[in-house]
Amino acid sequence: MTTDFLLRQAVAHHQRGEFAQADALYEQVLRLDPVNFDALHLSGVAARQRGNAFIALELIGRAIALDDTRAIAHCNLGAAQQDAGRDHDALASYERALALQPDYPLALCNRGNALRRLGRLDEALGSYAAALALSPRYPEALCHRALALQELGRHDDALDGFAAALDARPAYPEAVNGAAVSLLATGDAAQALQGFGRALQLRPGYAEAWCGRGAILLHAGELDAALDSWRNALAARPAYGRAQLGLANTLRALGRRDEAIAAYRQAREAGADGATVDYLLAALGAGVAPAASPPEYVAALFDGYAPRFDHHLVGELRYRTPGLLVALLERHLPRAADNDVLDLGCGTGLCGPLLRPFARHLAGVDLSPAMLERARLLEVYDTLACAGIVPFLHEDGRQWDVLAAADVLVYLGDLDPLFAAARPALRAGGVFAFSVEALDRDGGGTEGTFALRASGRYAHAAPYLRAVAVRHGFAVRALEPCTLRQDSGADVAGLLAVMVRP
């Protein structure tokens, strides 16, 4: 049998997904002809399709060493490099493929994928557009372009893109899953849940779709169903950090402390964010509480919470803090509507309409881009910034008449850094108004100062707040007990504070 005959047989098996037979024949060709470009290249492609990225890199690399003028080989090398996490190398390979063949839709689409993974989203959109100009119904380019739009927060445009991808390929699980993610981001949890279910019908072992479903069920309080979803995700992809962390969060919500602790430790081993895991372990009493919540934890928490934040907090938890805080603040403002006001941790803007009557300039700052996007829709803020509140106060350089922080200090334990940043950020006579969850005498903490609760939120004691105010030169004008909201049907006790820079 000639090498050409063997190669044709290998390709036939390869195209049918019969990788064992294809590999055996590719190897037979290479024994007869060790420098056969096609056998090296295609056996590398087959290795990548089986998940062996590093073998693919070696084989395709050997093929390119024989002939570096084949655009398809550079494109396939780039795909293997992306699989291996070498995104910059992948981008260079796609650029080489396009230098050889500029009108190559696959290379343009893959180039977009590399740019997207590198965070260069606008360039990625341009590359997808170039691919679609050559092939308008190219499903992968349509879907991946929608994913880039999704990352930019352009969820309505993303939904249009996923719909176009599904029109071109109706049974496309990645497009169905992507649409479900954007539906959730726009607040349509019911349709998103159906979307994740549809993706799982198309691909039962789709770990990302199981995770999407698990997150919705966890937020909805359907904890046993959420557990099943996380476990199905882990069955499909063992040691998947996102699924392991979701499993741990659900076990914590169920009050299964020891199992949750074990699951959090497994999540860390699976690659979940270490600072987040350590923080949640500390909330369960299995570690030392940090001085503040990790910024990544807070941003991720509220990015996921943003679509249902207002309805859940106000409608279900009877959240009253903004109204209570602004009513107290009003009694201590020296001027009615001539204030520069900064809403610290503004979230979706629940305080914005209440603060607006007192402000000639109203600004907001928050860690969560998704929350800020919803605040922007209110059109009550003059400016909005995405940042942590302490770094923002240090770096912004402006002075304010009012700093307001409703339900924000629950993510800060040690308040000294905040007060140290707040004092120079206020003009003389400026007012700092905030809420905290109240720590009673039996609440733990360091000498009755503050404590991290199992909820993942800090509580603060009134004597501690007074002491911090004195240390940083604030005069306490009001420190009043209140009920902030409900949690599991029980009132959450809090304190409202108004402090003034003399």
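**Before you start**

This is a predicted model, in which local features need pLDDT of at least 70, side-chain atom pairs count only at pLDDT 80 or more, and totals for chains, interfaces and linings use all residues. Residues are numbered from 1 along each chain as its sequence is written, and side-chain values use heavy atoms, with hydrogens and water left out.

**Stop 1: helices α10 and α11**

Select residues 155-168, which form helix α10, and then residues 173-185, which form helix α11. The names come from DSSP runs numbered from the N terminus: helices are H or I with at least four residues, and strands are E with at least two. The two axes come within 9 Å and cross at roughly 160°. An axis here is a line fitted to C-alpha atoms, for helices over the stretch in contact, and angles run from 0 to 180 degrees between N-to-C directions. That crossing makes α10 roughly antiparallel to α11 (angles over 145 degrees count as roughly antiparallel). The crossing is also left-handed, a term used if the near helix is turned anticlockwise from the far one by less than a right angle.

Now show side chains. On the α10 side, the contact is made by H155, A158, L159, F162, A165 and L166. On the α11 side, look for A175, V176, G178, A179, S182, L183 and A185. Contact means heavy atoms within 4.5 Å. By class, these residues divide into 10 nonpolar, three polar and no charged. Ala, Val, Leu, Ile, Met, Phe, Trp, Tyr, Cys and Pro count as nonpolar, Asp, Glu, Lys and Arg as charged, and the others, Gly among them, as polar.

**Stop 2: helices α12 and α13**

Next, select residues 189-202 for α12 and residues 207-219 for α13. Their axes come within 9 Å and cross at roughly 150°, and α12 and α13 are therefore roughly antiparallel to each other. This crossing is left-handed. From α12, pick out A189, A192, L193, F196, A199 and L200; they meet A209, W210, G212, R213, I216 and L217 of α13. The contact has 10 nonpolar, one polar and one charged residues.

**Stop 3**

With 13% relative accessibility, Y240 counts as buried (buried means under 20% relative accessible area, exposed over 50%, and partly exposed in between, with a 1.4 Å probe and protein chains only). Leaving aside residues up to four places away in sequence, Y240 touches A207, E208, C211, L234 and A270.

Select A239, in the loop between α14 and α15. At 56% relative accessibility, A239 counts as exposed. A239 has a positive phi of about 60° although it is not a glycine. Most residues other than glycine have a negative phi.

**Stop 4: helices α16 and α17**

Move on to residues 257-269 for α16 and residues 274-283 for α17. The axes come within 9 Å and cross at roughly 170°, which makes α16 roughly antiparallel to α17. Here I261, Y264, R265, A267 and R268 in α16 meet V277, D278, L280 and L281 in α17. This contact has six nonpolar, no polar and three charged residues.

**Stop 5**

Select E379, in the loop between α22 (369-378) and β3 (383-386). Phi of E379 is near 60°, a positive value in a residue other than glycine. Is E379 buried or exposed? E379 is exposed, with a relative accessible area of 72%.

**Stop 5: the core**

Which residues touch the most other members of the largest nonpolar core? They are F432 and F434, in a core of 87 residues. A nonpolar core is a set of buried Ala, Val, Leu, Ile, Met, Phe, Trp, Tyr and Cys residues joined through side-chain atoms within 4.5 Å. Helix α13 gives the most to this core, with eight residues. Apart from it lies another core of 33 residues, including A79, Y104, L115 and Y138.

Finish on V498, in strand β9 (residues 490-500). V498 is buried, with a relative accessible area of 0%. Among the residues V498 touches are L328, H332, F432 and R477. The C-alpha atoms of V498 and R477 are separated by 5.5 Å, although the two are 21 residues apart along the chain.

Notes. Parallel < 35°, antiparallel > 145°, perpendicular 65-115°, else oblique.
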